[in-house]
Amino acid sequence: MQVCHTIREIGEFVQNARAVEKTIGLVPTMGYFHAGHLSLMREAKKMCDVVVVSLYVNPLQFGPKEDLGEYPRDFERDCAMARSVGVGAIFAPGNAEMYPAGYNSFVEVAGITDKLCGLSRPGHFRGVTTVVAKLFNIVRPDQAFFGQKDAQQAIIIEKMVRDLNMGPEIVTLPIMREADGLAMSSRNVYLTEDQRRAAPVLYRSLCAFREAVAGGERDVAKLRRDIKEMILSAPGVQIDYVEILSVPGLEPPDTLTGKCIAALAVRFGKTRLIDNMVVEV
Ligand code: AMP
């Protein structure tokens, strides 16, 4: 596995791969890998000849009061994990490489970015789409792999690719969970023991939502109320949002029809966790 810190190095790596007609899969990440990241890399490896994993904690997608400084990092462990699943190259640029002095260009998807996480994290998705567009230009992958865990992000990136006629096909893969249902996240390490014990309530509330829908419930307001109620039964939680929206338009439906997502963000102390569940009626 090749470790590249500069755009020139990763550019040469992908150029060499393409010269022998290999297809390239890109998995964009912020590192501190868990089984969710590895599932994306494994799927990329199945679908493409060569897998490039970008590992970059992108300052542009963090708000001024967010956890950019504390975001967990373990580069050596990440490299060993990526190597173990057959990744061809890691691209781990520094900030000066990605945003050199005078950098002044940004990519913004309108509309679907100003709800859910876009409301509580202003500018977050502008940071995401800018860095992903840059990664697409640097690596020029045939396919790029994202997790359903960040459902809104995946929808926004698909929209960006369609709207701007970008090359890669976007592949979105299921949420990997701990045994008790908590969605895997690099941020789970922030949780105290008590918070970690309480956190699976998020998944339980989403499973109850799915069961209620399967049982015929179509009242969106009631479904949403029930999710909130179950979450608030856990100690020390603060709901950022619980929304039920259409997919992929992210519009609020009156009654549940077609493909819909229940998406939530909840704070356990200072730690903000997200999760979601898609249902089709
Ligand atoms: P991150 O490093 O958190 O930015 O995540 C990198 C990629 O991994 C994103 O496409 C995430 O959606 C995806 N991802 C994160 N957590 C999970 C999970 N639990 N299951 C599947 N994919 C995930």
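Axes here are lines fitted to C-alpha atoms, for helices over the stretch in contact, and angles run from 0 to 180 degrees between N-to-C directions. Helices (H or I, at least four residues) and strands (E, at least two) are DSSP runs, numbered from the N terminus. The model is predicted, so that local features need pLDDT of at least 70 and side-chain atom pairs count only at pLDDT 80 or more, while totals for chains, interfaces and linings use all residues. Residues are numbered from 1 along each chain as its sequence is written, and side-chain values use heavy atoms, with hydrogens and water left out.

**Exercise 1.** Describe how helix H6 packs on H7, and state which residues meet.

*Solution.* Begin with the axes: those of H6 (residues 124-139) and H7 lie 11 Å apart, at an angle of about 55 degrees. Angles under 35 degrees count as roughly parallel, over 145 as roughly antiparallel, 65 to 115 as roughly perpendicular and the rest as oblique, and therefore H6 is oblique to H7. Next comes the contact (heavy atoms within 4.5 Å), in which Phe125, Val128, Thr129, Val132, Ala133 and Phe136 of H6 meet Gln152, Gln153, Ile156, Ile157, Met160 and Val161 of H7. Finally, sort these residues by class, where Ala, Val, Leu, Ile, Met, Phe, Trp, Tyr, Cys and Pro count as nonpolar, Asp, Glu, Lys and Arg as charged, and the others, Gly among them, as polar; the contact of H6 with H7 then has nine nonpolar, three polar and no charged residues.

**Exercise 2.** Determine the relative direction of H9 and H10 from the angle at which they pack.

*Solution.* Helix H9 (residues 201-214) and helix H10 (residues 220-232) have axes 9 Å apart, and the angle between them is about 150 degrees. H9 is therefore roughly antiparallel to H10. On the H9 side the contact is made by Val201, Leu202, Arg204, Ser205, Ala208, Phe209, Ala212 and Val213, and on the H10 side by Leu223, Ile227, Met230 and Ile231. By class, the residues of this contact divide into ten nonpolar, one polar and one charged.

**Exercise 3.** Locate the backbone features at Pro248, Tyr32 and Arg140.

*Solution.* The peptide bond from Val247 to Pro248 is cis, with omega near 5 degrees, and Pro248 lies in the loop between strand E7 (237-246) and E8. Tyr32, although not a glycine, has a positive phi of about 55 degrees, and its place is the loop between strand E2 (24-29) and helix H2 (35-47). Not counting residues up to four places away in sequence, Tyr32 touches His37, Pro72, Arg73, Asp74, Arg77, Asp78, Ser186 and Val189. Arg140 likewise has a positive phi, near 45 degrees, and sits in the loop between H6 and strand E5 (143-147).

**Exercise 4.** Which element gives the largest share of the lining of the second largest pocket?

*Solution.* The elements that give two or more residues to this lining are helix H7 (151-163) and strand E8 (259-268). The largest share, six residues, comes from H7. By class, the lining residues divide into eight nonpolar, three polar and four charged.
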